[in-house]
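Thanks for coming, everyone. Please bring up the structure and keep it open while I talk.

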Amino acid sequence: MGVGGARDEPRVVGRLRERFPDAVREVRHVGDELTVVVAPAAIREACRFLRDDPDLRYEFLSDLCSVDRLRLPEASPRFEVVYHLTSMRNSSRLRLKVRVEEGEAVESVTGVWEGANWLEREVYDLMGIPFRDHPDLRRLVLPDDFEGHALRKDFPVTTEPRWWEEEGRR
Amino acid sequence: MTETRTMTLNMGPQHPSTHGVLRLVLELDGEAVVRCVPHIGYLHTGMEKTMEDKRYQQAITVTDRMDYLAPMSNNLAFVLSVEKLLGIEATERAQVIRVMMVELTRIKSHLVWLGTHALDIGAMSVFLYCFREREKILDLYEMLSGQRMMSTYIRVGGLMADLPDGFERRVRDFIDEFPKRVDEYEDLLTHNRLWMQRTVGVGVLKREEAIALGVSGPALRASGVPWDIRKVWPYSGYDRFHFDISLAQNGDVYDRYRCRIFEMRQSTAIVRQCLDRMPKGPVNLDDPKIVPPPKPLVRRSMEALIHHFLLYSQGFTVPPGEAYVPIESPKGEIGFYVVSDGSNKPYRVRVRPPSLLNLQALPRMVEGRLVADVVAVIGSIDIVLGEIDR
């Protein structure tokens, strides 16, 4: 049994295209992993549809994360938010993606899956992607006064050491 | 006229029952919890970022340190994603050894859970019993990899080394004795009136809530969802083993306890099957571009020396692409989403942290209940803060 995808491609992609004719931007199928890139404006409705459709029933959000594409060959739009969906009923998996530029907000899916709350906060914290209509959009792991977003590719990983004497002299 | 005023209680981050450095802000009305707000991040060290700067073989060492109670499960999840990108599969012997070690890891992780959970509720002796058995698994780890905790034993393309002499006999000694030990824990707890008063009907998580919150692992199965990735999408040859998955209906602290006890027994059975059918053969793939050649060969063959040198100075490259392989860790679904740009270091690594999502369900389980129940519920969801904060 594969990890879903393979045998589900025609059905899932067909249903999505039928329901959201303009929103499906790209379908990629590598091995047993099926990836669908969706227009940012449609992501919440697409998620709700995938969760509620009696045929598909992607009722479990496995993961929500983000990728900074700054150093990849195809770097625009810069950010990718990645959703890993699981259908327990059909034992199938699906990866959804939306692509946004810096500062552009993504619609929150907390209304679809409650569990997305902290995952979106983590993306907001470490990658700096805001989520629209999120009930509690605060940083998750870093302190509130932290500057920058640590998982971005242009975040400096080394800094000049500052000695305590220098700080005292200031 | 009476006025109800709530009080705010700060629990943690140094409270011993928070299993690490979790901080909860509790709003209390008398003894009852009105609101519970977890604060995390005290152990955040940027592990996902660190892995972007490590070669693939080096990055495995970082995974050990996420869920430090189940290092081999993390190794396996990461290695499976990388192997998928490379398009390789471990040898049969390596797969059986992986399953055996991952199941011993499950027992080890559940032992820490049971010991500390019982200690939190006030059962001291269970803690001592559990750590006695855990010590034996740590000894096995040490014998295998030279390390008691951060083993990095599972590698891309196979294993660090084959089993040392006498290892299988020691594992067999352990699993022959272990079911009796589980009976001992159960004698102490399962029908213990105090234990049941503290756990039955406490911290209930309903089936629909658990799914919507992304809860996985024993906590999900205790809520009545028969979902175990070892059965649904077998990896590493799990489809060749006979075992049952745990399942309970009430979703309370007691059911989560019963599920994990059941899993310890099942894991013992899987380890026994591994020993009985341990195949002969190599544990590493014969691919010198990925797996370092054996040391004696490096001393004799120039070509092997070159491969050795390249693998330890530059590592191997992975074709561009992305992969996610979920596995069933002791805590729940763990998987590494690895994005490769074709170089020798992962472009982006994301771990799906089961403890984080299970912890997110905590407010749902404790709000409306007593302060003392918070301690019981935290113990029952079996979190490791190293993995939550990463």
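Start with strand 6 of chain B. Seven of its eight residues are buried, so strand 6 is largely enclosed by the rest of the structure. Keep in mind throughout that this is a predicted model.

What does strand 6 of chain B pair with? Strand 7 of chain B is joined to strand 6 by eight bridges, and the two run antiparallel. Pick out one pair: B:Val325 has B:Phe336 in strand 7 of chain B as its bridge partner. The two strands form a hairpin with four residues between them. In that hairpin, look at B:Gly332, which takes a positive phi near 150 degrees.

Helix 3 of chain B covers residues 71-86, and it packs against helix 4 of chain B, residues 92-121. The angle is about 140 degrees, and the axes are 8 Å apart. What do we call that arrangement? Angles over 145 degrees would count as roughly antiparallel. Helix 3 and helix 4 of chain B are therefore oblique to each other. Who makes the contact? From helix 3 of chain B come B:Met72, B:Ser73 and B:Leu76. From helix 4 of chain B come B:Arg98, B:Met101, B:Val102 and B:Thr105. By class, the residues of this helix contact are four nonpolar, two polar and one charged.

On to the core. How many residues does the largest nonpolar core have? It has 153 residues. Those with the most contacts inside it are A:Val123, B:Val82, B:Leu362 and B:Val377. Helix 4 of chain B gives the most to this core, with 15 residues. As background, nonpolar side chains tend to be buried together in soluble globular proteins.

Take B:Leu362 as an example. Leaving out residues up to four places away in sequence, B:Leu362 touches B:Cys36, B:Pro38, B:Val377, B:Ile378 and B:Ile381.

Next, the place where the chains meet. The contact takes 31 residues from chain B and 28 residues from chain A. Which elements of chain B give two or more residues to it? They are helix 1, helix 8, strand 6, strand 7, strand 8 and helix 14 of chain B. Strand 6 of chain B gives the most to this side, with four residues. That is our opening strand again, with seven of its eight residues buried. By class, the chain B side has 15 nonpolar, six polar and ten charged residues.

What about chain A itself? Chain A has four helices and seven strands. From the N terminus, the elements run α-β-β-α-β-β-β-β-α-β-α. Of the 170 residues in chain A, 40% are buried. Of the contacts in chain A with a separation of 6 or more, 53% are between residues 24 or more positions apart.

Last stop, the other end of chain B's numbering. Five bridges join strand 1 to strand 2 of chain B. One of the pairs to look at is B:Thr8 with B:Glu27, its bridge partner in strand 2 of chain B.

Now find B:Gly20, in the loop between strand 1 and strand 2 of chain B. Is B:Gly20 buried or exposed? The cut-off for buried is 20 or more other C-beta atoms within 10 Å. B:Gly20 has 21 within that distance, so B:Gly20 is buried. Setting aside residues up to four places away in sequence, B:Gly20 touches B:Leu43, B:Val384 and B:Leu385. For scale, the C-alpha atoms of B:Gly20 and B:Gln266 are separated by 28 Å, and the two residues are 246 apart along the chain.

Note on methods:
Residues numbered from 1 in each chain as written. Chains lettered and ligands numbered in written order. Predicted model: local features only at pLDDT ≥ 70, side-chain atom pairs only at ≥ 80, totals over all residues. Contact = placed C-beta atoms within 7 Å. Nonpolar A, V, L, I, M, F, W, Y, C, P; charged D, E, K, R; others polar. Buried ≥ 20, exposed ≤ 12 C-beta atoms within 10 Å, placed from the backbone. Pairing = 2+ DSSP bridges. Axes fitted to C-alpha atoms, helices over the stretch in contact; angles between N-to-C directions. Parallel < 35°, antiparallel > 145°, perpendicular 65-115°, else oblique. Core = buried A, V, L, I, M, F, W, Y, C linked by C-beta atoms within 7 Å.
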